[in-house]
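Thanks, everyone; I would like to take a few minutes to walk through one model, starting with its core and then turning to a record annotation and some backbone angles. Please have a look at it first.

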Amino acid sequence: MASDSPDQNLTQYFSLCNDFIHAARLREGNVLIHWYIKMVRTYKKKSSRGSWSVENMKHAIDAVLSKSAGYRKAAQMHGVPQTTLERHVAKIRKGEVSLTRLQVTLSLYFPNKKKKS
């Protein structure tokens, strides 16, 4: 029996498994292959996507609405995505959502985002 270890050499079992499957096919039978794969234990995120804080987004929106900075500068200063900032400011300007309501909405959509400075 094979052990559940990254060091386990599974190639020694290929021939035995292949013979078993081939014999079943010759008899017009079926073989259920159960393959259990565990989650990778050392996954590292490859991008910083979604790493901005709700508080930083609010400050960036304030900067754009008060005209103290443009979209690009506000996004860079506060470490938020420019396109996301543009989308939220557009909703506020259209009256679809208020700045206070936007902060509540952002908190609901991103409950795990901690306030970063």
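By a nonpolar core I mean a set of buried Ala, Val, Leu, Ile, Met, Phe, Trp, Tyr and Cys residues joined through side-chain atoms within 4.5 Å, where buried stands for under 20% relative accessible area, exposed for over 50%, and partly exposed for what lies in between, with a 1.4 Å probe and protein chains only. Please keep in mind that this is a predicted model, in which local features need pLDDT of at least 70 and side-chain atom pairs count only at pLDDT 80 or more, whereas totals for chains, interfaces and linings use all residues. Residues are numbered from 1 along each chain as its sequence is written, and side-chain values use heavy atoms, with hydrogens and water left out.

The largest nonpolar core has 14 residues, and those with the most contacts inside it are Met57, Ile61, Ala74, Val80 and Leu85. Two or more residues each come from α2 (54–65), α3 (71–78) and α4 (82–94), helices here being DSSP runs of H or I with at least four residues, and strands runs of E with at least two, numbered from the N terminus. The largest share, 5 residues, is given by α2.

Turning to the record, an unreviewed UniProt entry lists residues 55–89 as "domain: HTH psq-type", with positions in the numbering used here, feature names shortened, and annotations that may be inferred rather than shown by experiment. That span is 77% helix and 0% strand, and its end C-alpha atoms lie 15 Å apart.

Finally, the backbone: Glu28, in the loop between α1 (14–26) and α2, has a positive phi of about 60° although it is not a glycine.
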